[in-house]
Amino acid sequence: MIFLIGLFIVSAFLLQGLLGIFQIKNFSKNYRELRLLGAYRILIGKNPKRFFSGTLMLIAIDDNGNIKEARLMQGVTVFAKFKSVKELQNKNIAILAADYQELSRMNRLTRQCLLNAYKTFVDFKTKKLSASAYDTSKNVFNMPLFTKVSLLINNLKMSLSKN
């Protein structure tokens, strides 16, 4: 019985990891498409949540902060996909972030993503962007999902070797 429960838990984690890989590929594809639009900077606005709808926004802007294209991924599951946000195109991110009426038309999660991306834009322009924003030395296998899976597998092996 314990073996079946352990097998189910390990299977669920592996399935979540596999589906997460598809979501990461979707992110990479959309990011690459925005990079290929031209000489634009890509801002990433995020509002991650564990148990509620998380939101991620990609915004292609020129040097003056004018939005060329914006895409939003919002959802609870790994099946969430990026969708284009046409309402933000051809607007300036600084003016948009300061316009209460415009912000109030957006849902709370989208608004928080846009403001997070604007904060990154301001930090970049004022040269106050932290070094951690450029850190690419993260090992994907140190992520919590892989750590939990390896811990479960080790526990399962130990319980099987005792029997």
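Predicted model: local features only at pLDDT ≥ 70, side-chain atom pairs only at ≥ 80, totals over all residues.
Helices (H or I, at least four residues) and strands (E, at least two) are DSSP runs, numbered from the N terminus. Residues are numbered from 1 along each chain as its sequence is written, and side-chain values use heavy atoms, with hydrogens and water left out.

**Exercise 1. The elements and the sheet**

Task: State how many helices and strands the protein has, and describe the order in which the strands form a sheet.

Solution: Begin with the count, which gives five helices and four strands. Read from the N terminus on, these elements follow the pattern α-β-β-β-β-α-α-α-α. Next, consider pairing, for which DSSP must find at least two bridges between two strands. The four strands form an open sheet in the order E1-E2-E3-E4, with antiparallel pairing. Strand E1 (41-47) and strand E4 (82-84) stand at the edges with a single partner strand each, so one side of each is left without a neighbour in the sheet. On average, neighbouring strands of this sheet are turned by 20 degrees against each other, direction ignored; the axes behind such angles are lines fitted to C-alpha atoms, for helices over the stretch in contact, and angles run from 0 to 180 degrees between N-to-C directions. Finally, look at one pair in detail: strand E3 (residues 67-75) and E4 are joined by three bridges, and leucine 72 has lysine 83 in E4 as its bridge partner.

**Exercise 2. Helix H4 against the sheet**

Task: Describe where helix H4 lies, and list which of its residues are buried.

Solution: First place the helix: H4 (residues 108-125) lies across E1, strand E2 (54-61) and E3, and runs at about 135 degrees to E1. Its 18 residues reach 26 Å from the first C-alpha to the last, close to the 26 Å expected at 1.5 Å a residue, where the expected span is 1.5 Å times one less than the number of residues. Then turn to burial, where buried means under 20% relative accessible area, exposed over 50%, and partly exposed in between (1.4 Å probe, protein chains only). The buried residues in H4 are Leu109, Thr110, Cys113, Leu114, Ala117, Phe121 and Asp123. Their cover includes E1, E2, E3, helix H2 (93-98) and helix H3 (100-104).

**Exercise 3. Asparagine 47**

Task: Decide whether asparagine 47 is buried or exposed, and find the side chain with which its own side chain makes a polar contact.

Solution: Asparagine 47 lies in strand E1, and its relative accessible area of 8% means that asparagine 47 is buried. A polar contact is a pair of N or O atoms within 3.5 Å; within protein, one must be able to donate a hydrogen and the other to accept it, and residues adjacent in sequence count only if both atoms are side-chain atoms. The side chain of asparagine 47 makes such a contact with the side chain of glutamine 112 (2.5 Å).

Methods: Contact = heavy atoms within 4.5 Å.
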